[in-house]
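Here is a friendly note to go with your first look at this structure. Please keep the view open while you read the points below.

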Amino acid sequence: MVDNSRDVLAADLLRGHTDTIVLGVLRREDRYGFEIFKRIRDATGGRHEIKEATLYATYRRLMKDGLIEAYWGDESQGGRRKYYRITDAGRAVYRRNAAAWAATRDIIDTLLDLDDGSGSPDTTQRRSS
């Protein structure tokens, strides 16, 4: 029961960062839609998958906002694939969101370590874990 609650919470936290995750996947090279899905799944060892419907809605939203662009590949075998590339505006949003996440993570880590009522973080547990 506790583990299920934790899984739901983690999924909710991740879901709120889908745009940033996709921008992060695209910041090093262009990729086609299903390749992005596989990249996210494989990077987490299969612990997290973003549903294809969610990903394609994300691609449309990011394109509408000018954060990514799409183009058709010229594969010699199989069907043509639509590739996505990050724009300069997308890179700026990625950097801003990644910095915001790091700052938020630091604050949450600090708040989770409060346990003695002094208002100071318990740094002894952080060092031991």
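In which kind of crossing, left-handed or right-handed, does H3 pass H4?

1. The answer is that H3 passes H4 in a right-handed crossing. A crossing is left-handed if the near helix is turned anticlockwise from the far one by less than a right angle, and right-handed if clockwise.

2. Before going on, a word on the source. This is a predicted model, in which local features need pLDDT of at least 70 and side-chain atom pairs count only at pLDDT 80 or more, while totals for chains, interfaces and linings use all residues. Residues are numbered from 1 along each chain as its sequence is written, and side-chain values use heavy atoms, with hydrogens and water left out.

3. For an overview, the chain has six helices and three strands, where helices (H or I, at least four residues) and strands (E, at least two) are DSSP runs numbered from the N terminus. Along the sequence their pattern reads α-α-β-α-α-β-β-α-α. Of the 129 residues in the chain, 24% are buried, a term that stands for under 20% relative accessible area, with exposed over 50% and partly exposed in between (1.4 Å probe, protein chains only).

4. Back to H3 and H4: they pack at an angle of about 120°, and their axes are 10 Å apart. Axes here are lines fitted to C-alpha atoms, for helices over the stretch in contact, and angles run from 0 to 180 degrees between N-to-C directions. The two helices are therefore oblique to each other; angles under 35 degrees count as roughly parallel, over 145 as roughly antiparallel, 65 to 115 as roughly perpendicular and the rest as oblique.

5. Which residues meet there? From H3 come Gly33, Phe34, Ile36, Phe37 and Ile40, and from H4 come Glu52, Leu55, Tyr56 and Tyr59; contact means heavy atoms within 4.5 Å. These divide into seven nonpolar, one polar and one charged. In this scheme Ala, Val, Leu, Ile, Met, Phe, Trp, Tyr, Cys and Pro count as nonpolar, Asp, Glu, Lys and Arg as charged, and the others, Gly among them, as polar.

6. Now turn to H2 (residues 18–26) and H5 (residues 88–112), which pack at an angle of about 120° with axes 9 Å apart. That makes H2 oblique to H5, and H2 passes H5 in a left-handed crossing. Thr20, Leu23 and Gly24 of H2 meet Gly90, Val93, Tyr94, Asn97 and Ala98 of H5. This contact holds four nonpolar, four polar and no charged residues.

7. Why is H2 described as largely enclosed by the rest of the structure? Because seven of its nine residues are buried, namely Thr18, Thr20, Val22, Leu23, Gly24, Val25 and Leu26.

8. The largest nonpolar core has 17 residues, of which Leu23, Leu26, Ile36, Leu55, Tyr59 and Ile68 touch the most other members. Such a core is a set of buried Ala, Val, Leu, Ile, Met, Phe, Trp, Tyr and Cys residues joined through side-chain atoms within 4.5 Å. H2 gives the most to this core, with four residues. Leaving aside neighbours within four places in sequence, Ile36 is in contact with Val25, Leu26, Arg31, Tyr59 and Tyr84.

9. Finally, look at Arg39, which is found in helix H3 and is partly exposed, with a relative accessible area of 45%. Leaving aside its neighbours within four places in sequence, Arg39 is in contact with Val25 and Arg31.
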